[in-house]
Amino acid sequence: MKNTISWGNLPVKKKIEKIDFNHRIFQNKKNKLLTYGNGRSYGDVCQNNFLINLESLDKFIEIDQETNTLTCSANLTLKEILKEIIPLGYFLPVVPGTQNVTIGGAIANDIHGKNHHTAGSFGNYVKEMELLRSDIGKIICDNSNHSSLFYSTIGGLGLTGIILSVKIELKKISSKKIRSISKTFKSFEEYVSLNKEIENKFEYCVGWVDLLNIRKKQFRGIILAGNHLEEDNDEISVKNNLEFNFPFVPSFSLVNKLSLYFLNYFYFYTGKRKSEKITNYKGFFFPLDIVNYWNKAYGKKGFFQYQFVVPNENANNFFREFVNELKNCNETPALTVLKSFGPVPSLGTISFPREGVTMAIDFPNKGIGTLNFMRALDDIVIKNNGALYPAKDARMSKNTFIKSFPNHNKFKENIDPKMTSFFWERVK
C-alpha cells in the first residue's frame with residue numbers, strides 16, 4: 001500500500017498501521033478502524049491509526065443498459081469506471097476535479113462537481129450499498145432498507161461501516177467530447193450575474209479566481225462552462241491529454257508569490273483569448289490530473305485546502321469580510337475555485353453541498369500563521385451561516401463542525417462502534 005499521507009502532504013506524527021481487508025476484519029482487531037481508498041482527501045478524514053486497505057477486495061463492474069445503472073465494487077476509481085462506461089454511451093452523473101478517487105470515497109464525501117446547479121451531489125444517484133458493519137454484519141441498505149444508515153453513509157466520512165459495493169444511476173451521453181466556453185469577470189458581482197446567465201445554458205460551470213490580484217484591489221477570474229456534444233462527430237478531433245509525474249518533493253514550496261504571479265497572469269490572459277472550443281472530457285473535467293502528484297510542488301511541509309459554502313443571501317457580505325482578512329495576512333492563496341451550488345438538496349445526513357456559493361483555496365503550509373488565518377476565516381464563514389468541507393479539512397474545531405452540520409447528533413447514532421478517524425476524534 002502506498003504512503004498514507006493524504007493529498008495535502010501535511011506531516012503525520014501519529015503511527016499508522018495498514019491492514020489488508022478480509023470479511024472478518026472486525027473480529028480480528030480490537031482497535032478502531034477506518035477504510036482507506038486512494039488517499040485523495042486533503043486532510044485527516046482518511047487517516048487513522050489502523051487503516052483498512054481495500055486493494056485486496058475483488059474488483060467488478062456490472063452495467064445494466066435497460067435500467068442505466070452500474071453495480072460495482074467500492075474500491076474502483078472513477079478513472080477505471082469511466083474507461084468502461086464511456087464506450088457504452090454513459091458518464092458518471094457527478095464527477096469532482098479528479099478521476100483518481102474511489103467510488104467508496106465519492107460516496108463517503110458526497111462529492112460535488114461542475115454540474116451541481118442542475119444535478120446536485122453524487123449521493124443523489126446512489127440506489128443501494130452493500131455495507132459491512134462490526135455490529136450487524138453485511139447488509140444491503142437503500143432508501144427503504146436501513147434508510148437512516150443509508151443516508152448517514154452518504155457523506156458519512158467512512159464512519160458508518162465498510163462500503164463493499166454500490167449501485168448507482170448512470171448518465172446517458174452521445175459524446176465524450178465537450179463543447180466549452182470561457183468568460184472573464186472583474187468583480188464578485190459580475191461573477192454572480194455572469195454565472196447565473198451561463199448556468200441557464202450549460203450543464204457544467206466552474207470559476208477560477210486570482211486571489212493574489214485582490215490585494216491590488218482587482219478581483220478577476222474566469223468562468224469555464226461546457227456541455228457534452230449532442231452527437232458525436234469523428235471529424236472533430238481533440239487532443240489527448242499527456243500525463244506526467246511530478247518528479248520529487250522539494251525541500252521548500254515551489255508554490256509562492258512569484259511563481260503564482262506568472263501562472264495566474266498566463267492563465268487569465270490565455271483564458272481571456274479563448275472563445276468556444278471542443279475539448280476532450282479529461283481536459284475539461286480533470287485538468288490537474290495531467291500532472292500526477294502535483295501536490296508534491298508544495299514541498300515537505302505540504303499545504304492546506306480550505307473549502308467553504310455560504311448562502312447566496314450572505315455571499316456579498318462574506319466576500320467583503322474575506323477580502324479584508326486576506327489583505328491583512330501574510331498567506332499565499334494558490335489555486336482558487338469558485339462555484340455555485342444549486343437548489344437540489346443533498347441526501348446525506350451531514351453532506352456538505354447546500355445551496356449557495358462555494359470556494360476552495362489552496363494555502364502553502366506556513367505553520368502557526370496559516371492556522372491562525374484559517375481560524376479567522378472560520379469565524380467569518382460561521383457568522384454568515386456557512387459550512388466547511390471535511391474532505392478538504394485538516395484542522396477545523398469541534399465548534400465549527402457542529403455549526404456546519406446541524407444534523408451531527410443524528411449522524412452519530414449511525415457510526416459503526418469500531419470505526420473512527422483522526423478527523424472524527426478531533427470534532428466529535
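A search of the whole structure, which is a predicted model, finds 3 cavities of 30 Å³ or more. A cavity here is a set of points on a 1 Å grid over the protein atoms alone where a 1.4 Å probe fits but cannot get out. Volume is the space filled by probe spheres set on the points, joined across faces, edges and corners.

The largest cavity holds about 60 Å³. Its lining, meaning residues with an atom within 4 Å of a point, includes M374, L388 and Y389. Strand 17 (residues 303-310) gives the largest share, 4 residues; strands are DSSP runs of E of at least two residues, and helices runs of H or I of at least four, numbered from the N terminus.

I turn to the second largest pocket, of about 440 Å³. A pocket is an open set with protein on both sides within 12 Å along at least five of seven lines. Of its 16 lining residues, L10, P11, V12, D44 and A394 are the closest to the centre.

Finally, helix 9 (residues 315-327) packs with helix 10 (residues 368-383) at about 170°, their axes 10 Å apart. Axes are lines fitted to C-alpha atoms over the stretch in contact, and angles run from 0 to 180 degrees between N-to-C directions. The pair is therefore roughly antiparallel, a term for angles over 145 degrees.

On conventions, residues are numbered from 1 along each chain as its sequence is written. Local features need pLDDT of at least 70, side-chain atom pairs count only at pLDDT 80 or more, totals for chains, interfaces and linings use all residues, and side-chain values use heavy atoms, without hydrogens and water.

Key: Parallel < 35°, antiparallel > 145°, perpendicular 65-115°, else oblique.
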